Amino acid sequence: MNLLFAVNDGFVDQMLTSVYSILENTQDQLDFYVLQKKKLQKTKEIEKFASKTGARYHPVVISDEDFSDFPVTDRYPETIYYRLLAHKYLPNDIKRILYLDADVLCINDLSWLYELDFEGNLYAAASHSGLTNVKNVINNVRLGAESGESYFNSGVLLMNLEGIRRVVDPQKIVEYVEKNKLNLLLPDQDVLNGLYGQKIKKVEDELYNYDVRKNPIYEAISMGEWDLDWVIKNTVVLHFCGRDKPWDEDYIGRFAGLYKHYFKKAMDVML
């Protein structure tokens, strides 16, 4: 199972917590590739973690020169393009990879998501639009005609690298950002939806990208079925979206204890 992250040194511990949670719940051999602007200062810690857990670590250092033609500002640093152009830096023999934000936690087997049939699509992802109702229409107008029926969250993104290598054009990304820069709120996610929204296979967010901030809404729209017991039994990926994060001392969200448990176990590996 190939995993992809894009972090700096401030999120290495969180990334390793995500990897540890996957190791605990999935039997596959894990190879995790990490996009980084320069070699991480915590490289030795990552290598120690990998050695002790049996996971294989693959650093992918990206040169700033590769993005000299891309529009870059304080709001749009070159790092927003890393996930969109990851296929340029990954080995050509890799056919699929699962990108994960560092603030996700895996609590059940990830294999079904990883192995699903793309059915000709470039990506597979979940939409949180069912939690807010109006977001689809607004985003389709904002991002243009190529966006799909849903606005997809890119924090859990299965990538069909074979298809992406054929279709995704860096120059089209540059042109799209230039044309729509006043409308982009979450730049890399907006670009993904605006250019390739019609080529994203939808998966259930309650299973594969559960927004932990919205647990009362999940319970309401499921008529009470998706309660805490259901989530622990069925949900695969918890996503700690938003500003409040479970590694903060004052975090009091519903899944705080669960996250802190995995975080401690991951850190214990490196003792």
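**Note on the sheet and the aromatic pairs**

1. Strand 6 (residues 123-127) and strand 8 pair in the parallel sense over four bridges, where pairing requires at least two DSSP bridges between two strands, and strands (E, at least two residues) and helices (H or I, at least four) are DSSP runs numbered from the N terminus. In this pairing, Tyr123 stands opposite Ile200 of strand 8.

2. This is a predicted model, in which local features need pLDDT of at least 70 and side-chain atom pairs count only at pLDDT 80 or more, while totals for chains, interfaces and linings use all residues. Residues are numbered from 1 along each chain as its sequence is written, and side-chain values use heavy atoms, with hydrogens and water left out.

3. Seven strands form an open sheet of mixed pairing, in the order 3-2-1-4-7-6-8. Its edge strands, each pairing on one side only, are strand 3 (56-61) and strand 8 (200-203).

4. The structure holds twelve aromatic pairs, counted where ring centres of Phe, Tyr and Trp (its six-membered ring) lie within 6.5 Å, with planes under 30 degrees apart called stacked, over 60 edge-to-face and the rest tilted.

5. Phe240 and Tyr251 form an edge-to-face pair, 6.2 Å centre to centre with 70° between the planes. Both residues lie in the loop between strand 10 (237-239) and helix 11 (256-269), so the pair ties together parts eleven residues apart in sequence.
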